[in-house]
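Colleague: I would like to learn how to read a fold from its strands and helices. Could you take me through one case?

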Amino acid sequence: MPSRRQNSDGAKASNGDPDSADAYAQADRSVQALARQAINRLAGAKTSQSANRPVLPEGGAERFKDLVLNNDTDAAVEMIETLRVEGRSYEQIAEALFTETARRLGKGWEQSELSFLEVNIGVSTLLRINTQVRGRFSQTGAPMEGDVLFATLPHQSHTLGIILATEAFRQNGLQVELLVGATPETIIEEARLWSVRLVGLTAGHLDRLPDIVDLASRLKDLPERPAILLGGAAANSGFVDDALHPVDCVAETLDHALSYAEKACARLSNKDP
């Protein structure tokens, strides 16, 4: 996960040194490259064959995109619920709304119609909506297994770092699930269903640490006892000096997080790290 010393766009503030400025600019480009890849992954998501009839009324996709950019999750969820009651499947809705919205966000960014901040907010909102609604649809198929589950709790607004970490982990060959704005119960249930080996959480503010520690303790009660990785600005506040806390690794950088995850996943799957 990006270092806590980064600003909201992922780059550190320059101290006036040209070499440092170049390094910060390179870091900013790296963050934006990961963000573009995350959007492209959403936009290129493959879904099952849709029914022949249109999923959305004319203008529906554009209206949904506007709701996402305005962070109007209630209206967006209501729109999805209407489609679900009408008999649309999760796959149909995911393709017509989530994937299409990601495409439009990416296009808006490429054409400089949307700023990096606007796209970041849009992607975070899109993922949060997905987390809220997908449990309303019937799930089919055998339980899946995954390596890593990244998750944020409700009202955690700083989600860029964990979105970028998800993309970076996937690029390194790990199977990753991402939940944005999920309840502790949803996170625990997903970790159980996926039999994940590692759960990544983020702490942007000190006041959320008690909730995160409680969630981590409950995750440790699962039969798989997943490793717990914590990042974010408040991660190094000192609470982790307590030997009783359930967090296994506090990651200051994305490279640190990746290194720990690869070793933890190998160890917990009885492989040699």
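**Reading the sheet and its helices**

Modeller: Of the 273 residues of the protein chain, 48% count as buried. Keep in mind that this is a predicted model. The accessible surface of the chain comes to about 13900 Å², and carbon and sulfur atoms account for 47% of that surface.

Colleague: How many helices and strands are there in the protein chain?

Modeller: The chain has nine helices and five strands. Along the sequence they follow the pattern α-α-α-α-α-β-α-β-α-β-α-β-β-α. As for contacts between residues at least 6 apart in sequence, 74% join residues at least 24 apart.

Colleague: How do I read the sheet, and in what order do the strands lie?

Modeller: The general idea comes before the case. Strands of a sheet pair through backbone hydrogen bonds, in either a parallel or an antiparallel way. Here the five strands make an open sheet with parallel pairing, in the order β2-β1-β3-β4-β5. Its edge strands are β2 (176–179) and β5 (249–250), each of which pairs on one side only.

Colleague: Why is β3 said to be largely enclosed?

Modeller: Look at the two faces of the strand. In a regular strand the side chains alternate between the two faces of the sheet. In β3, L198, G200 and T202 are on one side, V199 and L201 are on the other, and all of them are buried. Buried here means under 20% relative accessible area. Since five of the five residues of β3 are buried, the strand is largely enclosed by the rest of the structure.

Colleague: How do I tell which side of a helix faces inward?

Modeller: Start from the helix repeat. An α-helix has 3.6 residues a turn, so residues three or four places apart point the same way. In α7 the buried residues are I187, I188, E190, A191 and W194. Seen down the axis of α7, these fall within an arc of 165°, so they line one face of the helix. Their cover includes β1, β2, β3 and α8.

Colleague: Where does α8 lie?

Modeller: Helix α8 (residues 209–219) lies across β3 and β4 and runs at about 175° to β3. Its buried residues are L209, I212, L215, A216 and L219. They cover an arc of only 125° around the axis, which puts them on the same side of α8. The buried residues of α8 pack against α7, β3 and β4.

Colleague: What unit do β3, α8 and β4 make?

Modeller: Together, β3, α8 and β4 make a right-handed β-α-β unit. To find the unit in the view, follow β3 (residues 198–202) into α8 (residues 209–219), then go on to β4 (residues 227–231).

Methods
Residues are numbered from 1 along each chain as its sequence is written. This is a predicted model: local features need pLDDT of at least 70, side-chain atom pairs count only at pLDDT 80 or more; totals for chains, interfaces and linings use all residues. Side-chain values use heavy atoms; hydrogens and water are left out. Two strands pair if DSSP finds at least two bridges between them. Helices (H or I, at least four residues) and strands (E, at least two) are DSSP runs, numbered from the N terminus. Contact means heavy atoms within 4.5 Å. Axes are lines fitted to C-alpha atoms, for helices over the stretch in contact, and angles run from 0 to 180 degrees between N-to-C directions. Buried means under 20% relative accessible area, exposed over 50%, partly exposed in between (1.4 Å probe, protein chains only). A crossover is right-handed if, with the strands pointing away from the viewer, the path from the first strand over the helix to the second runs clockwise. Accessible areas come from the Shrake-Rupley method with a 1.4 Å probe; for residues, only the protein chains shown count as cover. The arc is that of the directions from the helix axis to the C-beta atoms.
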